[in-house]
Amino acid sequence: MNLFKDFEGRVVNALKSLDVIKANQDDISFERVAVEPPRDASHGDVATNAAMVLAKPLGSNPRALAQLISDVLREDSDIEDITVAGPGFINLKLSKSYWQRTLAAMIDAGDQYGRSDMGAGSKVNVEYVSANPTGPMHVGHCRGAVVGDSLANLLSFSGFEVTKEYYINDAGSQIDVLARSVFLRYREALGETIAEIPAGLYPGDYLVPVGQALVDEFGTKLRGMSEDEWLPIIKERAIDAMMAMIRDDLASLNVVHDVFYSERQLHADGAKIIREAINDLTFKGHIYKGKLPPPKGKLPEDWEDREQTLFKSTDVGDDIDRPLIKSDGSYTYFAADVAYFYDKFERGYKEMVYILGADHGGYVKRLEAVAKAVSEGKSTLTVLLCQMVKLYRDGQPVRMSKRSGDFVTLREVVDEVGRDPVRFMMLYRKSSEPLDFDFAKVTDQSKDNPVFYVQYAHARCHSVFRQAVEAFEGLDLESVNYSTAVHDHICDESEIQLVAKLAEFPRIVESAAATQEPHRVVFYLYDLAGTFHSHWNKGKESKELRFINNKKPELSMARLGLVRAVAAVLKSGLSIAGTDAPLEMR
């Protein structure tokens, strides 16, 4: 049940009954009419802008129109009070019986409460992390992994058919560098002394076991081969080893992809998919032969002062046209990007989301141009950029990792503070904003640590259930009809505030999914936890507000129903964030 959609419908029905609307019905649209929580909770439970957005097209005064709308809404028995505020906002205070029915509906919905059908089963591909398979995941990858995974969870919760995808960049020159770095460790494992890792190779100790594995498999055989012979062998083994490590690192963060798509697939069979993609764009009129002027500043690797095969990307929103085939007949890196999108589109995805690091800002327009050209405007491509993460310990910057050579690994962060604090805190700021991550703060057991505060609220809910079993001998919690129990009993203003906060959940889920901003869910969870903890503390001050009263079993069962709804929403929200909902915390 979505309270705000419910009252949006009631407001629209009230509007349709007005003579002024009937007289202008062909010129009036209700699309901008919204029902939302008021900015100040003391003003009411819900507010609508109906008079504000319709006054101008009707040639009416907003406050006068608001009064007309209010007169109709006053006939609604679920509305206890109506006030017109400011230039024409209409604030509604809802009846306690309505809140009780709303709570009962939440309880009946159980873990389905808040789920939406807005996606209508539409296929969405969310591609995230996609780090080069040349080493362990670092903390920058960590944020993209959490944002992408939580967004995929959110979209799935909202009715989309979601595929979580990882693009393996395993066809570039960096893989040759990886193989040569591994060959050095292979020689080291054979007993050679490697004084210093040459510049340009990967220095991290994580390659030592890969070199040893090659000795176990091949002995000294590889050392006697030419580079042309050993390079493809070591490439294959090195990529497999790196991807096994990456999968393990991601699993420690509770990130599991549905698809691992290798870039080498695009180059297989004579680059069949790349050729198909370019042929498709040629057929659609987006390809031509020409020369590009030299770009300002540093020249990119794929620029040539010769005629090339170019993508007319400026026709579909890009800043410059992009080369696809060089003058020597080889494909550019961008050609693989085009082919990858083409392949996704051919797999039936009409909506694609790319989660990239902040340093990939220059890719946004070119990828959007590819989507418009390949799909002819039939697909949506969204690029979300994750800003940098800075690590601190008690306010001091954290030093680099010894294992990786030059960065802090994802696994080190997870091992030190735990999966849940990492995931929650990576979402506790909008992904387009920089994030400071302090090891000490995320392990602090206080209100200042959001993940502890939210998880503790869920654990507190379950402590209430345990208290109820102790207070009422023979009580079977699962046999109680909570949705019936809440009627006529959930009446205190503090309880109603808690129900009102729970009622925001479906709206939060849909708005977060629509904007592709999973951080909205964790912000909401923190607010819900705060409302619950506040109500809990009032019970300490007043025995009449405590959840369990062994002298009033009916009231206790009703309040258990309220707690049950809080626990369900907290659990659903935490599952979207990819974190646990603990039953107890010590």
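Which residues does Thr 163 touch, not counting residues up to four places away in sequence? I found Val 124, Asn 125, Val 126, Asp 258, Val 259 and Tyr 349, where contact means heavy atoms within 4.5 Å.

**Basis of the entries**

I worked from a predicted model, in which local features need pLDDT of at least 70 and side-chain atom pairs count only at pLDDT 80 or more, while totals for chains, interfaces and linings use all residues. Residues are numbered from 1 along each chain as its sequence is written, and side-chain values use heavy atoms, with hydrogens and water left out.

**Entry: Thr 163**

I placed Thr 163 in strand E6, residues 161-168. Helices (H or I, at least four residues) and strands (E, at least two) are DSSP runs, numbered from the N terminus. Thr 163 counts as buried because its relative accessibility is 14%; buried means under 20% relative accessible area, exposed over 50%, and partly exposed in between, with a 1.4 Å probe and protein chains only. I also noted a polar contact of 2.7 Å between the side chains of Thr 163 and Tyr 349. A polar contact is a pair of N or O atoms within 3.5 Å; within protein, one must be able to donate a hydrogen and the other to accept it, and residues adjacent in sequence count only if both atoms are side-chain atoms.

**Entry: the chain as a whole**

I counted 20 helices and 15 strands in the secondary structure of the chain. The C-alpha trace spans about 85 × 65 × 40 Å along its principal axes. Of the 586 residues, 52% count as buried. Among contacts with a separation of 6 or more, 71% come from residues 24 or more positions apart.

**Entry: the sheet E8-E9-E10**

I then turned to an open sheet of three strands, with the order E8-E9-E10 and antiparallel pairing. Two strands pair if DSSP finds at least two bridges between them. The edge strands are E8 (287-290) and E10 (322-325), each of which pairs on one side only. From one strand to the next the twist averages 45 degrees. Axes are lines fitted to C-alpha atoms, for helices over the stretch in contact, and angles run from 0 to 180 degrees between N-to-C directions.

How many bridges join E8 to strand E9? There are four, and E9 comprises residues 308-311. I noted that Gly 290 has Gln 308 in E9 as its bridge partner. Helix H11 (residues 333-346) packs on the sheet and touches E9 and E10, its direction making about 85 degrees with that of E10.

**Entry: positive phi values**

Most residues other than glycine have a negative phi.

Val 129 has a phi near 75 degrees, a positive value in a residue other than glycine. Val 129 lies in the loop between strand E5 (123-127) and helix H6 (139-157), and counts as buried at 13% relative accessibility.

Asp 269 has a phi near 55 degrees, again positive in a residue other than glycine. Asp 269 is found in helix H10, residues 264-283. Is Asp 269 buried or exposed? At 64% relative accessibility, Asp 269 counts as exposed.

**Entry: helix H20**

I checked the length of helix H20 (residues 553-577): at 1.5 Å a residue its 25 residues should span 36 Å, and the end C-alpha atoms are 36 Å apart, which agrees. The expected span is 1.5 Å times one less than the number of residues. Since 19 of the 25 residues are buried, H20 is largely enclosed by the rest of the structure. Just after H20, Gly 578 takes a positive phi of about 80 degrees.

**Entry: helices H13 and H14**

The axes of H13 (residues 410-417) and H14 (residues 419-427) come within 6 Å and cross at roughly 115 degrees. Val 413, Val 414 and Val 417 in H13 meet Arg 419, Pro 421 and Val 422 in H14. I sorted the residues of this contact into five nonpolar, no polar and one charged. Ala, Val, Leu, Ile, Met, Phe, Trp, Tyr, Cys and Pro count as nonpolar, Asp, Glu, Lys and Arg as charged, and the others, Gly among them, as polar.

**Entry: Val 46**

I found Val 46 in strand E2, residues 46-48. Val 46 is buried, with a relative accessible area of 1%.
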